Each structure stands twice: as structure tokens, then as C-alpha cells.
Amino acid sequence: MKYILYSLFLICSVYVQAKEPILVVTELAPPNQVLIDGEVAGEGTQFIRDIFAEADLTPNIQMYPWARAYKIADELKNTFIYSLARTVEREDKFYWIGPVGRFELGFIGLSERDDLIINTTEQAKVYKIAMQRNDFSTQTLAKLGFEVVLTSDIQKSYSLLLAKKVDLIVDDPLYMKQMSDYLKLKPAHLKFIYKIDELTIDAYLAANKKTDMHLIEALQAAFLKIKQKKGLPYER
């Protein structure tokens, strides 16, 4: 009898969660996360919506500066975040649903700057670099001895670069192109200078560590089904 009651409780709990939108946080990162008419959209975001739909759950996707999005996901129960780089330091802080992106990051500068010469990661230490708070790339370069200008999100980093207040930022060349389009820059305005091997990593849909396990299990199962049906967005 106790088992039956417990099972009914779980079913009711799942049903309530399915009807109530679940908070999912992210940042601006074209083409995967963009804001269109007040709604978060984009290629990667659609993959996230597909996962939640497969699990019969409703996501309430909100876009914030990265530092704030990370803080919310780190502190608030039943909150999800994407695309979060899976690092050793973060491994025990979140539940990891599945990889939804891949970063291959490197240094980016203005094309007009012929003096930006970088053949090794170490050589970039002489330049002023803007990077985001609570970003794995910032944490990685800090371990390598870099001192950087901290920003709240990638768009702020781009703004400092375009205003010539810093020499470099760190981003993926694909996202650099998409951000250039988003900011309405000429195609040759920015240049990808040097790939940083330490900053190639998979990015995940992840959840706050206090999130209900039935949500975690439902979304992990849904991720595998969507992956099998459609493949991963960054491998298409």
C-alpha cells in the first residue's frame, strides 16, 4: 500500500512539474541563443525545447548576462542552464543532462590590428583581454597566469573590443561570425587569431544540484531520444 501511495505521489509530482514552466537560463550567444520579439530562440535553443517537449515538460527560458545566469543556476533549485562547459571544477556542482554544444575558443581581435602577433597562448599575456565572469575560459586562463578585464557577458566583451578599450576577446570562430552579423559589422571587421587548445570543450544542458531527481532522469532520457532522432546540433 505504501509503495502504491508513493508511486501515486511521484506521478502527481511529475504531472505538476509538467504543467508548471521550469526555469532555464542562458546568455546571448548567436546563433544558438538569440532574443526575437522577447523570446529566446536560435538553433541551440530549439534543441533544448525539443528535449523538454520529449520529457513532457515546459521550459521557461530566460536570457541573462552570463555571470547572472550562472549565479541563478548555481543557487536556485529546479533551475537549468545551457550551454555550460563541463569542467573538473564544476563537475560536482551541477547535474549534467547532455552535451548541447561544443566550444573551440581562441583569441579574437580587430582586423585592422596588424600588431597582434600570437603564435602561442603565452604570447597573448602582453595584450589586454576582456573576458566574462564565471566563464570556464576565464578560469582556465587565470590558472595560466592571465590578468583580464572582467565583463558580465560576451556582448560586453565585444563592445570593449570594438571600442578599442581592449586588444583581444575570447570566442569561437563560428560564434564570432554570428556575433558580427548580430552587431551588423562588416564581414572582415574581426579576425580569429589563435586557437587555444585548453579551451576546446563540450557544453551541456545542466541543472542545479538540488533539482528533483525525477526531472533529471526524465530530461536525461529525453536527451538520448532527441539525440538519436535528430543528432546533436553542433554535429549537423
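This is a predicted model: local features need pLDDT of at least 70, side-chain atom pairs count only at pLDDT 80 or more; totals for chains, interfaces and linings use all residues.
How many cavities of 30 Å³ or more does a search of the whole structure find?

Stop 1: Colour the strands in the order β4-β1-β5-β10-β6-β9-β7-β8, and you have an open sheet of eight strands with mixed pairing. Its edge strands are β4 (59-63) and β8 (149-151), each of which pairs on one side only. From one strand to the next, the twist averages 30°.

**Stop 2: two helices.** Select residues 43-54 to show helix α2, which lies across β1 (22-26), β4, β5 (80-85), β6 and β10 (190-208). Against β4, helix α2 runs at about 155°.

**Stop 3: β6 and β9.** Zoom in on residues 94-110 and 168-171, where β6 and β9 pair in the antiparallel sense over three bridges. Find Gly 106 here; opposite it stands Asp 171 in β9.

**Stop 4: the cavity.** Back to the opening question: the search finds one cavity of 30 Å³ or more. About 330 Å³ of space lies in the largest cavity. To centre your view, select Glu 27, Ala 29, Phe 103, Asp 171 and Tyr 175, the closest to its centre of the 26 residues that line it.

Colouring the lining by class gives 15 nonpolar, seven polar and four charged residues. Finally, colour by domain: domain 1 (23-102 + 202-230) and domain 2 (104-200) each contribute at least three residues to the lining of the largest cavity.

Notes: Residues are numbered from 1 along each chain as its sequence is written. Side-chain values use heavy atoms; hydrogens and water are left out. Two strands pair if DSSP finds at least two bridges between them. Helices (H or I, at least four residues) and strands (E, at least two) are DSSP runs, numbered from the N terminus. Axes are lines fitted to C-alpha atoms, for helices over the stretch in contact, and angles run from 0 to 180 degrees between N-to-C directions. Contact means heavy atoms within 4.5 Å. On a 1 Å grid over the protein atoms alone, a cavity is a set of points where a 1.4 Å probe fits but cannot get out, and a pocket is an open set with protein on both sides within 12 Å along at least five of seven lines; lining residues have an atom within 4 Å of a point. Grid points are joined across faces, edges and corners, and a volume is the space filled by probe spheres set on the points. Ala, Val, Leu, Ile, Met, Phe, Trp, Tyr, Cys and Pro count as nonpolar, Asp, Glu, Lys and Arg as charged, and the others, Gly among them, as polar. Domain bounds come from an automatic or database domain assignment.
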